[in-house]
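Please keep the sequence and the model open while reading.

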Amino acid sequence: IIRIINKIEETISLNQTLKELEKEKKLKNSLFKITHEVKNPIAVCKGYLSMMDYNDIEKVKRYNEIILSEIDRTLDIMDNFSEYTKINIETDLMDLDELISDTVKGLNPIFTSNNIKVIYNYDDEIFINGDYRRLKQVLVNTLKNSTEAIESEGIITLKIRKTKKFVFLYIKDNGCGMTSEELKQIGELFYSSKEKGCGVGVALSSEIIKLHGGELKYKSVFGEYTEAIIKLPIVNNLQ
């Protein structure tokens, strides 16, 4: 019996050690990735500073704009990564349709300036237990990604489908789409198909949806469209 107990303790200890090693590995990978991402814009700033000719005012102005843009990008990376590592949600009963309508209305100036038509028509209440601020963060990120994927006049369509247990929100744009390889990596931390993307937005959005008991998926055809599918548990009995 003592030998069995000792073996059990050894197994438990080994499992704990393996879990700690796995955590350490993930931490090292995250730190490596964020170091890599931060080094890029800093290297760009260093390069432009080394080429700066303070006697050429026009060049100084042009380089200064690029440097400020790269600094902003670095701060975005740090802020988003910090947000990703401490995600928490505070849920309350809320109407998803109201959230969608408010978010679309708030982004209307961006849609207008990019000549994008947004189609969303839904007249029913959709109750879920959700964190309004966090879910709005997901919608804003998804709609901005759709906007940036559209190279000229385009359309973003939002549709809702309900089942007994879940509500599905489909956000589809007729933008540039993604390749199959890009689609495979879309949810990875620090991966971005955009030239100046920091690659945290989709990973952050996916984690927020998971914390709500849901799922975020993407479908895309290169040169045709991208569709984000947000699945969330629905509240049917309101008493």
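## Charges over rings

Over the face of which ring does Lys231 lie, and at what distance from the ring centre? In this predicted model, Lys231 is placed over the face of Phe166, at 4.3 Å from the ring centre. A further arrangement of this kind involves Lys172, which lies over the face of Tyr225 at 4.4 Å from the centre of that ring.

## Aromatic pairs

The structure holds two aromatic pairs. In one of them, the rings of Tyr48 and Tyr63 have centres 4.9 Å apart and planes at 65 degrees, so the pair is classed as edge-to-face, the cut-off for that class being over 60 degrees. Tyr48 is partly exposed, with a relative accessible area of 23%, whereas Tyr63, with a relative accessible area of 10%, is buried.

The other pair is formed by Phe168 and Tyr170, whose ring centres are 6.5 Å apart and whose planes meet at 25 degrees, so the pair counts as stacked. Phe168 is buried at 14% relative accessibility, and Tyr170 is also buried, with a relative accessible area of 19%, where the limit for that class is under 20%.

## The largest nonpolar core

The largest nonpolar core has 35 residues, of which Ile100, Leu158, Ile171 and Ile230 touch the most other members. At least two residues of this core come from each of helix H3 (96-106), helix H5 (132-149), helix H7 (201-211), strand E4 (154-162), strand E5 (166-173), strand E6 (215-221) and strand E7 (225-233).

Ile171 illustrates the packing around one of these members: leaving aside residues up to four places away in sequence, Ile171 touches Leu139, Thr142, Leu143 and Ser146, together with Ile156, Thr157 and Leu158, and also Thr226, Glu227, Ala228 and Ile230.

## Enclosed space

How many cavities of 30 Å³ or more does the model contain? The count comes to one, and the largest cavity has a volume of about 40 Å³.

The largest cavity is lined by Leu96, Leu135, Val138, Leu139, Leu169, Ile209, Ile230 and Leu232. Helix H5 gives the most to this lining, with three residues, while H5 and E7 each supply at least two.

Methods:
Residues are numbered from 1 along each chain as its sequence is written. This is a predicted model: local features need pLDDT of at least 70, side-chain atom pairs count only at pLDDT 80 or more; totals for chains, interfaces and linings use all residues. Side-chain values use heavy atoms; hydrogens and water are left out. A nonpolar core is a set of buried Ala, Val, Leu, Ile, Met, Phe, Trp, Tyr and Cys residues joined through side-chain atoms within 4.5 Å. Buried means under 20% relative accessible area, exposed over 50%, partly exposed in between (1.4 Å probe, protein chains only). Helices (H or I, at least four residues) and strands (E, at least two) are DSSP runs, numbered from the N terminus. Contact means heavy atoms within 4.5 Å. Rings of Phe, Tyr and Trp (its six-membered ring) pair if their centres lie within 6.5 Å; planes under 30 degrees apart count as stacked, over 60 as edge-to-face and the rest as tilted. A charge sits over a ring if NZ of Lys or CZ of Arg is within 6 Å of the ring centre and within 35 degrees of the ring normal. On a 1 Å grid over the protein atoms alone, a cavity is a set of points where a 1.4 Å probe fits but cannot get out, and a pocket is an open set with protein on both sides within 12 Å along at least five of seven lines; lining residues have an atom within 4 Å of a point. Grid points are joined across faces, edges and corners, and a volume is the space filled by probe spheres set on the points.
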